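Biologist: Can you walk me through this model? Please keep it brief.

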Amino acid sequence: MEGMNDDNMHGMMMHNTSDGGMNMTNHHKMMMHMTFFWGSDAEILFSGWPGTRTGMYVLALIVVFQLAFMVEGISHSRFMKPGSTKHVTAGLVQTLLHALRVGLAYLVMLAIMSFNGGVFLAAVAGHSLGFLLFGSRVFNKPSPTVPAAKTSDLPPMSC
């Protein structure tokens, strides 16, 4: 393995052996990129998707954009009225929204881990447009009933 460079490692897979060593086998089904690349020949989220057709790749970019947009929409939305007395219901709604937001954010992260440049740009564009529409002050006027510091029902994402 010492004499092999990165060009020879493409398509190779490492397997653990029963004696604790490593065994290399040639595997030509899928090549996982570890650097950003451009092109429609990528696997995003699911094995074999979007395939080699350009139309399916564009659909995959739209899906990633929508996922990122929805993360921002959920992160900056207020679904409960201030001063609600139903604390258990409010807590359950917040928990479900948090779970949905985290799940969608992980899907975006996994899509970006395909290292496809188009997917990365689609995710950044979705997050950016979502923040512009839901989180920035461009389209959202402060409400007199909502404190300025409280702009969402959910705590900020911690990465």
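**Overview and local features**

Modeller: The accessible surface of the protein is about 11,100 Å², and carbon and sulfur atoms hold 65% of that. Accessible areas come from the Shrake-Rupley method with a 1.4 Å probe; for residues, only the protein chains shown count as cover.

Biologist: What kind of model is this, and how are residues numbered?

Modeller: This is a predicted model: local features need pLDDT of at least 70, side-chain atom pairs count only at pLDDT 80 or more, and totals for chains, interfaces and linings use all residues. Residues are numbered from 1 along each chain as its sequence is written, and side-chain values use heavy atoms, with hydrogens and water left out.

Biologist: How many helices and strands does the protein have?

Modeller: Four helices and four strands. Their order along the sequence is α-β-β-β-β-α-α-α. Helices (H or I, at least four residues) and strands (E, at least two) are DSSP runs, numbered from the N terminus.

Biologist: What share of the residues is buried?

Modeller: Of the 159 residues in the protein, 26% are buried. Buried means under 20% relative accessible area, exposed over 50%, and partly exposed in between (1.4 Å probe, protein chains only).

Biologist: And what share of the contacts joins residues 24 or more positions apart?

Modeller: Such pairs make up 58% of the contacts with a separation of 6 or more. A contact means heavy atoms within 4.5 Å.

Biologist: Now Asn116. Where is Asn116 found?

Modeller: In the loop between helix H3 (87-112) and helix H4 (117-135).

Biologist: Is Asn116 buried or exposed?

Modeller: Asn116 is buried, because its relative accessibility is 0%.

Biologist: Which residues does Asn116 touch?

Modeller: Leaving out residues up to four places away in sequence, Asn116 touches Phe36, Phe37, Gly39, Ala42 and Tyr57.

Biologist: Change of topic. What is phi of Leu45?

Modeller: Near 70 degrees, again positive and not a glycine. Leu45 sits in the loop between strand E3 (42-43) and E4. At 28% relative accessibility, Leu45 is partly exposed.

Biologist: Last one. What is the peptide bond from Trp49 to Pro50, cis or trans?

Modeller: That bond is cis, with omega near 15 degrees. Most peptide bonds are trans. Pro50 lies in strand E4 (residues 50-51).
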